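Good morning, and thank you for making time for this presentation.

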Amino acid sequence: MAGLAFIIGEKDVQKIGQMIEKIRHRGVDHSEIFIKDNASFGCCWKEGEKALFESEDGRYICLFDGEIYNADALKMELT
């Protein structure tokens, strides 16, 4: 399970970095920080998992920690 952190209304790389360090045990293999508009996002995850997804055009970012059991069916329906 990944670790997620975010701040809405503030661009603060240092603060998000500190938050990610506090939860690094949740995902010791990878971490990433994104600053977009008025929000700061950070996540960390273990090998084989992923928690941060960005749309192809870069307009949307989704932080997700879970499992979609019908992902293949949804993908077929939406493409």
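I shall speak about the sheet, the helix, the nonpolar cores, the cysteines and one serine.

This is a predicted model, in which local features need pLDDT of at least 70 and side-chain atom pairs count only at pLDDT 80 or more, while totals for chains, interfaces and linings use all residues. Residues are numbered from 1 along each chain as its sequence is written, and side-chain values use heavy atoms, with hydrogens and water left out.

I begin with the sheet. Helices (H or I, at least four residues) and strands (E, at least two) are DSSP runs, numbered from the N terminus. Two strands pair if DSSP finds at least two bridges between them. Here three strands form an open, antiparallel sheet in the order β1-β3-β2. Its edge strands, each pairing on one side only, are β1 (3–8) and β2 (30–36). Strand β3, residues 39–45, is joined to β2 by seven bridges; within this region, Ile-33 has Gly-42 of β3 as its bridge partner.

Helix α1, residues 13–22, lies across β1, β2 and β3 and runs at about 155° to β1. Axes are lines fitted to C-alpha atoms, for helices over the stretch in contact (heavy atoms within 4.5 Å), and angles run from 0 to 180 degrees between N-to-C directions.

Which residues form the largest nonpolar core? There are eight: Ala-2, Phe-34, Ala-39, Phe-41, Cys-43, Trp-45, Leu-52 and Ile-61. Strand β3 gives the most to this core, with four residues. Such a core is a set of buried Ala, Val, Leu, Ile, Met, Phe, Trp, Tyr and Cys residues joined through side-chain atoms within 4.5 Å; buried means under 20% relative accessible area, exposed over 50%, and partly exposed in between, with a 1.4 Å probe and protein chains only.

Now to the cysteines. A search of the whole structure finds zero disulfides, a disulfide being a pair of cysteine sulfur atoms within 2.5 Å. For Cys-43, the nearest cysteine sulfur, that of Cys-44, is 7.2 Å away. Cys-43 counts as buried because its relative accessibility is 0%.

Finally, Ser-40 belongs to strand β3 and is likewise buried, at 0% relative accessible area. A polar atom of the Ser-40 side chain lies 2.7 Å from the backbone oxygen of Glu-10. Leaving aside neighbours within four places in sequence, Ser-40 contacts several residues, among them Ala-5, Ile-16 and Phe-34.

Notes. Polar contact = N/O pair within 3.5 Å; in protein donor to acceptor, adjacent residues only side chain to side chain.
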